[in-house]
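Let's take a quick tour of the spaces in this protein. Have the sequence and the 3D view open as you read.

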Amino acid sequence: DTATLSVEERLQGVCDLLKETIEYYDWVGFYFKNGDKDELKLSSYAGAHTDHTIIPFGKGICGQVAVSNQNFVVPDVNAQDNYIACSITVKAEIVVPLFVDGKNIGQIDIDSNTPDPFTEADERFLEWVNQQVAVIL
Ligand code: SME
């Protein structure tokens, strides 16, 4: 009964679906602001285990998006100096902020093992995904 699924279970379903459906999405996860702290906390994800369950604002691609409120598309992670590596197989990353009532409360983070795979279509699609997620939070 989908009506009884928790938010985490619903987000897990979104992560699993995106990872399984889009071949160049190799890790899909949601990070959210951790209470009133200036840090992100990992919520549901699909893909390899990561040690980076807490990310301070400003650190890495995710932490930069927490303060910039802007999409961040990274065609080549090895060319970034402010980057937190989760897996050596990752070549590219996209992070899209998630807004509720105009406030940046978290983000969707996608890692790809394919170099430079993300286009503006991914940005528009992930913005749409986040808008759908915003109404179930
Ligand atoms: N690469 C991210 C850290 C999160 S892992 O990709 C899951 C970053 O630089 O913020």
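Sort the lining of the largest pocket by class and you get 8 nonpolar, 2 polar and no charged residues. Keep in mind that this is a predicted model.

**The largest pocket**

- The volume of the largest pocket is about 170 Å³.
- Helix H1 (7–21) and helix H3 (120–134) are the elements that give two or more residues to its lining.
- H3 has the largest share of that lining, with 5 residues.
- Among the residues lining the largest pocket are Gly13, Leu17, Phe125, Trp128 and Gln132.

**The shell around the ligand**

- Residues around the ligand include Trp27, Tyr31, Cys62, Tyr83, Glu93, Asp109 and Asp111.
- By class, this shell has 8 nonpolar, 1 polar and 3 charged residues.
- At least two shell residues each come from strand E1 (27–33), helix H2 (60–68) and strand E6 (103–112).
- H2 gives the most to the shell, with 3 residues.

**Who touches the ligand's oxygen atoms?**

- For Cys62, look at the backbone: one of its N or O atoms lies 2.8 Å from an oxygen atom of the ligand.
- For Asp111, look at the side chain, where an N or O atom is 2.9 Å from a ligand oxygen atom.
- Asp109 also uses its side chain, with a polar atom 3.4 Å from an oxygen atom of the ligand.
- On its own the ligand has 300 Å² of accessible area, and the protein covers 100% of it.

Methods. Residues are numbered from 1 along each chain as its sequence is written. This is a predicted model: local features need pLDDT of at least 70, side-chain atom pairs count only at pLDDT 80 or more; totals for chains, interfaces and linings use all residues. Side-chain values use heavy atoms; hydrogens and water are left out. A residue is near a molecule or strand if one of its heavy atoms lies within 4 Å of it. A polar contact is a pair of N or O atoms within 3.5 Å; within protein, one must be able to donate a hydrogen and the other to accept it, and residues adjacent in sequence count only if both atoms are side-chain atoms. Accessible areas come from the Shrake-Rupley method with a 1.4 Å probe; for residues, only the protein chains shown count as cover. Helices (H or I, at least four residues) and strands (E, at least two) are DSSP runs, numbered from the N terminus. Ala, Val, Leu, Ile, Met, Phe, Trp, Tyr, Cys and Pro count as nonpolar, Asp, Glu, Lys and Arg as charged, and the others, Gly among them, as polar. On a 1 Å grid over the protein atoms alone, a cavity is a set of points where a 1.4 Å probe fits but cannot get out, and a pocket is an open set with protein on both sides within 12 Å along at least five of seven lines; lining residues have an atom within 4 Å of a point. Grid points are joined across faces, edges and corners, and a volume is the space filled by probe spheres set on the points.
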